[in-house]
Amino acid sequence: MNHPNQDGAETCKVVAPTSREALRLLREKLGPDAIVLSNRVTAHGVEIVAMLEGPAKLPATPQAALALAGDGASGLQETHSMRGMAEEQLAVQSWSDRQRRDPVRGQLLRTLLGAGFSARLARDLLENLPANQSQASGMEFVKLALSQRMPLLEDEAALMAEGGVYALVGPTGVGKTTTTAKLAARCVMRFGAAKLALVTTDSYRIGAYEQLRIYGQILGVPVHAVQDAAGLDRVLADLRDKHMVLIDTVGMSQRDRAVTEQIAMLCNASRPVKRLLLLNATSHGDTLNEVVQAYRFGEHRTTGPDLAGCIFTKMDEATHPGALIDMTIRHQLPVHYISSGQKVPEHLMLVDRRALIDGVFQAKSRSAWFVPGEADLAEGSTGPGNAAQVVAAEAVSDRLRLQCQQLIRALTHNAQALAANASALASAQIGFDETRILWRQLGDDQVTGKAIAQTLLSQAQADIASHGGDYLLTIHGEISPDAAAPAETRVLASSLLLSDRNGLPFAAPHQLLAAPAQSGLSQAHWIQQLPLGKPLVHVLARPPAAEQLEAWQASGLLWAVCGSASIRIIDAASGAPTTLGKLAAGLTFGTAQAITYRGKPALSSVAQARVSLRGGPHDDPAAPAMVLRCVVRRLVDAQSGKTLAHNYLLASVRVEASAEQMAQWPAWRSAAEPYFKLLRQGLLQLGDGGLAGELGARKRLLVAGQAATTVFRLLRAQDVWADTARKALAQLAGRPVRPDRPVPGRALFEGLRKLFALLDALATEDAAPASHTDRAAARA
C-alpha cells in the first residue's frame, strides 16, 4: 500500500513470504532508489516499509553498452569497485534476520570478531550452528569447528627424522634469527650438533651474522654466511653431509619486490629448500594476509613450490591472536611451532591445538579501542546509555542507507552493460536463465525439491529432443557434498547426460543422495528410470569386474567402456587370445578424416571388431564368453604420418551406433570429467542456505547441478561472446584476468552469483527471466 506524505515522498509497506520477495515487490512499486525504513518478521511473513523521496527512474547509459561491446570487462569497472558494498548490504540484512531469531549467534559472532577472526570466517563457522544453543554449547561448537579446520604439524619426530634444508622467511622484525636459534637448539637436542649447520643470507642488517654466530658457538654448530644464489649453492653443496640445515633469511616488507627474488633464490637452489613463514601475532589480519600471499610465490602466484608451513611469533605480545588461526585456515598453512618469548630454546613450543584455540578466546586487551564490544553492538538495551546507543544505531543506519544509494547510482551507470552481458549469456543456450530462476527459488520455501527436479526434467527432455541423436550418453561420478552431512547422505552420486552428436551436457535431475554402498548399479538404474525419450548408454571410465558387466548386461542396460591397449581379450573371429593393442595392429582402418589433436593437424581413422573379455587364471574356462563390440580410433600426425595414439572402446553388442560415432565417446567422456569438480564448487558457493535435512540438501544439490552445467558449457564455449562473458564474470568475482590463462570455474560461479544479485537489485529486466517452457512456447 502506497501513501504520499507531506513532503511529497511516497512510502510503501509490503508483506511477503521471504525478504527477497518483499524487496522485489518494493522495487516494482517504488523503483531502485527507495530507502528501506524498517523490516521485521510477522506472523504473515516479512514486512518491509520503504520510502521514495522522488519519482523512481533508471537512467539509461548507452555509453556503458558500447563499452561492453568494445571490452566487456572494462564496462564493469565501476561495478567491481562497488561489489564490497553490495556484499555488505546482503550480509547485514541476512545476519540481522538470523540474529533476531537466534541471539546466541550474534553473541558468538561478536566474540569471534573480538578475538581477531575475520567476518567471513566467523560467519562461515556459525552457518552450521545448531539451533537453540546456549552460549557455552555454542562456544564449544565454534572451538571444535576451528580445531577441525586448523592444519598443524602432526609429527615433529617425522620432520626431524626426514631432515633437509629449511629456510625461515618473513618480514623484518618478525623474529627469524631468534627463532632459527630456538629451532637449532631443538635439533641439537634431537640428533646432536654434528648433524646440523646454520646459514644466514642477511648481509644487510648490522650484527645479523654475529648474532647467529654467537648462538652457533653456544650450540656447537657451524654458521655460514652467503650473499647470493651462487654462494648459497656452494654452501649447500659443502653441507650435503649434514642431516639438517637451517637458513636465516633477510627480512623484508611483503610489498618489497625483492621478496620474489628471495623466493626464486631459495626455490632454485641446488638442494630442495623448504620454507617456513614466520607470522607476527601482533599484526593486523589484513597485514598477515598480505604477508602470506607475498611469501607464498612472490609475483608468480600459482607457480613454484608452496610454503611448507608457518611459525607463530610474539604470541606473548598478541591482543587478538585469532587473526593467526584465520590465516592458517584460509591458506591451509600448517602451523609448526609457536614462539612466545626470547628464551632459547624453551620459548619455542609445539602446538597444542585445543590449548591454542582456548588461549585465543582468553586473550584480553587492556585497551580494546578498535574492536566492537557488547555495548557497541547491543540491540534493544536499556538504561542510561540507551539514548546514546540509539543515536549510534541511527548513524549506522544512515551510513548504510547512503551506501545503498551510492551503490545503486554507481551500478545504474552500468545497467545496460550488465543487461547486455546477461542477454548474451541467456541467448547462448547454456542454461543461464534456468540457473538464474533456480538460484532465486533456492531460498523460496514454497518451491520444493520435487518441483525443481520436474523443471530440470522438462528442460532436459526439450533439449534432448532438439539436440540429441539416436542415443543419450551418461557418465557417473561420486563426490562428498558436505563433510557435516549425515552418514547416509555423504555421497553424491551424480550422473551427467551428454549428447551423442557433440558431447555437450544436458541438464537433468541427476543428483542422487546415497550411502557409498548404494551407488554404482543403483545409480545407473535410477537415471535409467527417467523418461528422457532416448535409449541411454552408460559410458564407463575403465572396465569393471566381469561379474559387474554381466549384471549390467542382465539388467538390460546399454554400456560402453573406455579401454587400454593392455586389456586381455579373445578375438571373436579367430578365437585366439590377444590384447587390444595387438588386435589394433591387425585391423583395417577406414578413410582418414582431418582433425586437430592437441593443437596440431592430425588424421583420424576408425576400425571395429567383435571380441570377448579374457579373465584371470581362476575364471571358469567352461563359462560362455560375453561377446562385445570393439571400436578402435587411430590418430596419426598429418605431416609425418607417425601414429600419435589409439583410443579403445568396448561396448554392448546391443549398442547399434556407427563405429565412427562411438569412436568419439572416450574423448567426450574425458572432457566431461571436470564437471564433477565444478559440481562440488557449486555446492560450496551455495553453502547450506539454511536448508536443513535431506530434502533441503537435495534441493541444494539440484540447483548446484544446474549451475555446474551452465558453468561447464560456458568454459567450453569458444565464441567471442563466451570469452567476453568469462572475463566480465571474473571481474565481478574480483579475480584477476590473465590473457594466457583460462578463467577458473570457481571465479565463474562467484561471478554468476553476483551477476544474479546485481540484476535483481538493478531490475534491468522488465520481468523475471522466462522459463524454458515459456521460451519454447514463444519460439513456437
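Predicted model: local features only at pLDDT ≥ 70, side-chain atom pairs only at ≥ 80, totals over all residues.
The chain has a mean pLDDT of 76, and 73% of its residues reach 70 or more. Two stretches call for caution. Over residues 72-88, pLDDT stays under 50, and the model has 40 contacts beyond four places in sequence for that stretch. Over residues 373-386, pLDDT also stays under 50; here the model has nine contacts beyond four places in sequence.

Now the sheet. How many strands form it, and in what order? There are eight, in an open sheet, and the order reads S7-S6-S8-S5-S9-S10-S11-S12. The pairing is mixed. At the edges sit strand S7, residues 223-225, and strand S12, residues 348-349. Each of these pairs on one side only.

Strand S6 covers residues 196-200 and strand S8 covers residues 244-248. The two run parallel and are joined by five bridges. Within this pair, Val199 stands opposite Ile247 in S8.

Next, helix H13, residues 322-331. Which strands does H13 lie across? They are strand S9 (273-280), strand S10 (309-313) and strand S11 (335-339). Relative to S10, the helix runs at about 180°. Is H13 largely enclosed or largely open? Nine of its 10 residues are buried, so H13 is largely enclosed by the rest of the structure. Among the buried residues are Leu324, Ile325, Met327 and Ile329, and also Asp326 and His331. After the helix comes Gln332, which has a positive phi, near 50°.

Is Thr179 buried or exposed? Its relative accessibility is 2%, so Thr179 counts as buried, the cut-off being under 20%. What does Thr179 touch, leaving aside its neighbours within four places in sequence? Its contacts are Leu168, Leu278, Ile311, Thr313, Ser339 and Leu348.

Last, the cysteines. The count of disulfides comes to zero. Cys12 is buried, with a relative accessible area of 1%. Cys187 also counts as buried, at 0% relative accessibility.

How values were computed. Residues numbered from 1 in each chain as written. Heavy atoms only, no water. pLDDT = per-residue confidence, 0-100. Contact = heavy atoms within 4.5 Å. Pairing = 2+ DSSP bridges. Helix = DSSP H or I, 4+ residues; strand = E, 2+ residues; numbered from the N terminus. Axes fitted to C-alpha atoms, helices over the stretch in contact; angles between N-to-C directions. Buried < 20%, exposed > 50% of the residue type's maximum accessible area, 1.4 Å probe, protein only. Disulfide = S-S within 2.5 Å.
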